[in-house]
Protein chains: 4
Amino acid sequence: MIRVGIIGASGYAGRELIRLLLNHPFAKVTYAGSRTYVGEPLGKATPAFRHLDLKSSEINTEMIKENCDCLFTAVPHGGCMALAEEVLAGGVKLIDLGTDFRFRDVKIYEEWYGIEHVCPELSKTAVYGLCELYKEQIKGADLVANPGCYPTSIILGLAPLLSKGYLDLASIVSDSMSGVSGAGATAKPMYHYPECTENLRAYGLISHRHRPEIEQELSALAGQETMLTFTPHLVPMTRGIHSTISGKLVVDVNESELFDLYQDFYADAYFVRVLTEGNPETKAVYGTNFCDMTLRVDPRMRRVVILSVIDNLGKGAAGQAIQNMNLLFGRPETEGLLSTALLP
Amino acid sequence: MIRVGIIGASGYAGRELIRLLLNHPFAKVTYAGSRTYVGEPLGKATPAFRHLDLKSSEINTEMIKENCDCLFTAVPHGGCMALAEEVLAGGVKLIDLGTDFRFRDVKIYEEWYGIEHVCPELSKTAVYGLCELYKEQIKGADLVANPGCYPTSIILGLAPLLSKGYLDLASIVSDSMSGVSGAGATAKPMYHYPECTENLRAYGLISHRHRPEIEQELSALAGQETMLTFTPHLVPMTRGIHSTISGKLVVDVNESELFDLYQDFYADAYFVRVLTEGNPETKAVYGTNFCDMTLRVDPRMRRVVILSVIDNLGKGAAGQAIQNMNLLFGRPETEGLLSTALLP
Amino acid sequence: MIRVGIIGASGYAGRELIRLLLNHPFAKVTYAGSRTYVGEPLGKATPAFRHLDLKSSEINTEMIKENCDCLFTAVPHGGCMALAEEVLAGGVKLIDLGTDFRFRDVKIYEEWYGIEHVCPELSKTAVYGLCELYKEQIKGADLVANPGCYPTSIILGLAPLLSKGYLDLASIVSDSMSGVSGAGATAKPMYHYPECTENLRAYGLISHRHRPEIEQELSALAGQETMLTFTPHLVPMTRGIHSTISGKLVVDVNESELFDLYQDFYADAYFVRVLTEGNPETKAVYGTNFCDMTLRVDPRMRRVVILSVIDNLGKGAAGQAIQNMNLLFGRPETEGLLSTALLP
Amino acid sequence: MIRVGIIGASGYAGRELIRLLLNHPFAKVTYAGSRTYVGEPLGKATPAFRHLDLKSSEINTEMIKENCDCLFTAVPHGGCMALAEEVLAGGVKLIDLGTDFRFRDVKIYEEWYGIEHVCPELSKTAVYGLCELYKEQIKGADLVANPGCYPTSIILGLAPLLSKGYLDLASIVSDSMSGVSGAGATAKPMYHYPECTENLRAYGLISHRHRPEIEQELSALAGQETMLTFTPHLVPMTRGIHSTISGKLVVDVNESELFDLYQDFYADAYFVRVLTEGNPETKAVYGTNFCDMTLRVDPRMRRVVILSVIDNLGKGAAGQAIQNMNLLFGRPETEGLLSTALLP
């Protein structure tokens with residue numbers, strides 16, 4: 001049994017970790033650290049958990065080392081690196097759902113997040129936890145940087161094409177739409193129900209913090225510097241990310257060949273469902289760890305459109321984090337993650 | 001392992017049965033009967049099931065008898081009684097999520113549903129599957145009539161009070177609000193998204209078909225004929241029923257005594273969470289088998305208000321049906337039903 | 001031309017006043033007082049107003065007296081009474097959308113709102129601005145207390161029955177459901193989109209502040225002290241209130257006679273639509289000043305159910321306030337209020 | 001007073017025409033043709049119209065010629081061309097909200113819509129009613145083809161750039177998101193509330209019927225054949241289109257110069273609001289005829305992103321149709337269209 005600790009259990013990613021881990025046959029939540037709810041049962045912050053006994057504890061590395069084999073940090077940037085070295089030194093494996101360890105070059109982190117990295121050496125040992133791409137590295141790691149939600153959907157959508165060199169690297173566009181839970185559990189005017197429902201808007205044009213993370217991974221896949229035009233949108237729904245990605249093809253391939261490429265590329269990836277019929281929809285992955293995708297080619301313009309869909313709290317956060325935990329501890333990759341979506 | 005058959009797998013209750021049974025450690029769906037999708041994989045009608053292998057079969061009692069220990073029927077009224085005798089004769093236990101076997105008096109069924117009952121004798125052997133009230137009878141049954149969604153929320157909300165004789169039986173009002181999935185999977189103008197979202201309306205005033213079912217059970221609990229004013233409402237959300245029930249108290253009890261009564265009454269009922277703090281909300285039971293409830297007394301008017309909340313597809317349909325199956329087969333009552341709600 | 005001032009223009013009632021007054025042929029907004037947005041164009045707080053020139057001013061009674069014939073205050077309780085005497089002394093007619101002048105007995109106000117009333121004498125001159133009931137008194141008034149949203153729907157729904165003495169006054173129940181805009185424009189956790197959408201909950205059981213306001217008016221209509229069991233609910237939609245009201249009849253009347261009563265009672269009330277076919281729905285009054293209602297009788301229990309539906313920001317706030325302004329200034333009652341609902 | 005006829009009054013564009021025309025000081029609806037509701041008051045199909053006297057009539061060109069100066073057809077393709085010649089011969093001006101007269105080349109129409117055009121000669125006299133681009137031609141016309149909703153948002157968003165030749169014409173991408181009312185008033189499984197809420201999906205990839213319409217107009221603006229990658233998305237909201245358009249710049253211009261270009265280009269366009277601060281959002285144009293837009297330049301990739309937002313039933317259908325009517329009849333362009341959005 002893996003003894004699991006979570007810091008940030010009242011946030012949305014933290015809640016989802018608990019919800020999923022309750023169904024995991026080989027893991028047990030033994031520690032929930034919180035700044036706000038110390039001593040309170042989890043049901044206080046999250047009415048869905050009213051029947052659970054677990055209480056929040058203070059954030060304390062001694063308690064973590066004593067009670068946990070694996071720690072998930074689901075806190076704002078800066079929160080994980082502050083305790084990473086000590087936790088790892090205690091033999092606890094660490095999976096950060098935040099951004100502290102996602103960048104191979106800490107300078108980019110420091111520039112985009114506006115704070116100094118306190119353990120740049122440790123950063124070099126972190127593995128970017130996109131399981132379908134880095135499975136072997138993850139298996140041997142102690143510290144995993146769980147990818148962002150937008151990056152997960154976009155990188156998975158482009159990986160087969162980039163690995164083959166099929167795309168004009170100056171032509172990539174991703175218009176991505178996210179449900180509101182992606183913005184976190186804190187009430188703000190932009191997410192106030194009457195302003196947010198029946199409303200759609202883009203935000204963070206050109207300069208969204210996920211852009212450098214996406215470009216880092218696209219560049220790694222392409223083997224050269226790769227940029228994209230990335231526009232995120234806020235959509236009136238709770239969960240789900242839909243990335244509509246397009247680019248110019250530099251080779252002469254048809255749709256059917258690209259479907260073959262995608263199906264081969266993801267042949268061993270249980271959680272990627274390449275749809276050769278119909279389009280993906282966010283509700284078909286609601287509450288799950290699936291990434292549904294499809295593609296179309298416009299031969300007139302020789303452009304390809306890829307649709308890549310996840311649950312931002314599932315494959316985009318807590319689901320993938322548990323998938324990483326399974327890999328770290330030698331468990332079956334899908335353990336605890338086999339549920340299907342609520343539809344309706 | 002219980003081999004389970006489902007008729008009506010593309011409807012909403014049927015889909016929820018499949019979703020839940022996939023997580024049940026001691027049951028396996030071996031047969032999915034459908035009129036519309038014969039030979040098609042379940043993922044055709046329900047994109048959430050795209051990764052499943054199971055295909056729909058024709059509706060055929062021989063196949064059911066051969067492949068199933070337990071059959072769930074989730075079809076319009078008339079659909080279950082047409083095959084009940086044959087299925088039961090084959091030794092298959094039968095749980096009807098429809099209304100064919102919910103009435104102790106088939107005349108009431110025939111009057112309200114406008115069709116003749118084809119097996120009135122069998123009807124007498126059916127147990128009304130409200131697990132918290134009829135657990136022992138269910139354990140020994142072969143045929144269970146799974147309760148309606150509104151009835152479940154209202155009967156559970158009133159049972160402790162009625163069993164004690166605390167209520168003026170001419171004073172009961174239940175205004176109940178349901179998410180749209182309660183209306184089923186068939187597209188109709190009233191449920192067309194642009195007409196339904198941002199809209200709320202009552203329907204079925206005085207004459208909703210769940211009224212006689214509710215009154216049958218309230219009368220049984222009260223030991224005398226009991227009526228209620230029942231007004232259902234359609235609310236722009238997918239899942240959830242919230243019943244706001246009120247009545248006049250005929251005894252002098254205070255709020256605290258009533259909380260004690262409710263907590264005692266449901267002391268052994270895992271799925272009933274009596275909240276002494278805060279109010280229930282539909283999202284805290286989303287996708288689960290819980291019934292959350294609370295109450296308040298207005299001493300000025302000596303009236304009590306009870307709030308009783310379920311997921312109409314969970315405790316109001318598929319969840320309770322599986323709870324019934326567990327009882328029928330001697331399994332732990334909560335098996336396969338321990339998940340918590342998605343919140344958000 | 002009526003020169004209109006508004007205090008609280010960035011709140012939801014204030015925004016709706018501006019939206020409606022832009023279509024009023026005989027009124028012009030000349031002053032918008034705000035604490036937060038002084039000097040800013042209205043489009044800053046409300047993107048819908050981006051094309052308007054009007055800027056927010058500080059809250060200053062001299063400016064109001066100089067620039068306005070009529071002032072609307074749409075601010076939290078306490079905000080209107082602080083400036084009422086001075087504004088009225090300047091010859092400006094005053095319509096308060098808040099609660100400062102709604103109570104005939106200031107003690108009730110002080111008890112329920114927890115602050116001392118600073119001008120109790122003035123309070124006696126205020127008219128409760130429920131236009132369909134107090135039209136003549138409003139015409140001669142200087143100070144109008146615009147009714148609350150829940151009270152408007154419930155009082156209009158019950159007025160014909162109470163005026164006739166048809167109801168058992170100890171039997172009245174109103175379960176009322178409100179869209180989220182009723183809670184105001186301030187972001188709070190309970191109204192955070194991901195917690196609020198797909199969710200329904202009751203709140204303020206027994207003790208909601210609108211209860212004494214409703215009971216004051218029901219008592220006035222009935223000619224004796226009248227109480228009710230009032231349970232408000234928060235529904236995942238932006239606008240709309242649906243009150244489902246029921247009570248025991250003490251006379252022997254049938255449904256058809258009651259429809260006649262309601263149609264007679266509201267024969268001159270343009271904004272009340274008594275529906276003899278179909279049920280009201282909130283979207284049919286979206287953005288309008290209509291109150292749609294219907295009723296049903298359950299002869300078995302001799303109970304009547306009344307459904308009464310408004311837009312909480314329309315007839316429940318800004319619409320009715322403009323209707324009051326029209327009456328105060330001798331304009332046609334419907335002027336500027338003739339638009340129909342957006343459906344869809 | 002312009003006497004106005006509408007065919008298709010129970011559809012969404014038809015309803016919106018009526019809603020808007022009720023506020024038009026110089027137009028009056030004198031005829032509402034319908035196939036389904038002949039003889040019924042409009043309130044039958046549309047509860048928002050319950051207080052209106054107007055009844056639906058059969059579809060009859062004699063009645064139209066007798067009672068109307070202007071006819072709007074808001075019916076599926078084929079419906080307008082069937083009566084266009086006769087209506088025009090009667091001196092009635094005709095505005096088609098459908099697609100029968102949008103194509104300069106009827107062959108494209110016939111290919112994409114799969115039916116023969118019955119009056120190709122008449123087609124040549126039709127003006128494409130995108131008011132901001134073709135105002136002078138519209139003024140002198142008898143037959144106006146009101147543009148599609150997606151085309152309106154995209155063409156307005158690109159017009160300034162294309163007219164200057166600033167874009168690489170092989171690089172244009174538009175990912176457009178639409179509320180569900182864009183799909184019309186007919187209930188279908190894809191728009192069934194429980195399947196549609198909390199769900200987002202793309203549809204019509206590569207081959208959506210609006211593509212040739214958009215490309216026709218982009219080509220006209222660019223002065224050479226122009227294509228785009230167009231992906232429409234269905235979003236869980238009632239109204240609103242948000243087009244996120246991007247393309248490669250072939251000249252060296254910065255953001256500020258492009259803002260100047262857009263503001264100059266639309267200096268006389270009341271309904272286009274170019275936002276130099278903040279992003280457009282669909283709710284800020286809800287129920288209005290506005291098109292809100294903004295842009296950003298990514299100098300790294302020399303790509304520009306344009307956001308262009310309308311209400312699909314307003315500027316995308318009925319609002320623009322009335323704007324066209326105003327131009328046809330020499331009225332002020334904004335008459336009857338000055339309302340602001342409901343927000344919330």
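**A walk from one sheet to paired chains**

Let's begin in chain C, where strand β1 (residues 2–7) pairs with β2(C) in the parallel sense over six bridges. Strands here are DSSP runs (E, at least two residues), numbered from the N terminus, and two of them pair if DSSP finds at least two bridges between them. One residue pair to look for is C:G5, whose bridge partner in β2(C) is C:Y31.

Before going on, a word on what you are viewing: this is a predicted model, in which local features need pLDDT of at least 70 and side-chain atom pairs count only at pLDDT 80 or more, while totals for chains, interfaces and linings use all residues. Residues are numbered from 1 along each chain as its sequence is written, and chains are lettered from A and ligands numbered from 1 in the order in which they are written.

Now step back to the whole sheet. In chain C, six strands form an open sheet with parallel pairing, in the order β2-β1-β3-β4-β6-β5. At its edges lie β2 (27–33) and β5 (127–128) of chain C, each pairing on one side only.

Finally, compare the chains. The same surface serves both: 100% of the contact residues of chain A recur in chain D, where contact means C-beta atoms, placed from the backbone, within 7 Å.

Definitions and conventions: Two residues are in contact if their C-beta atoms, placed from the backbone, lie within 7 Å. Helices (H or I, at least four residues) and strands (E, at least two) are DSSP runs, numbered from the N terminus.
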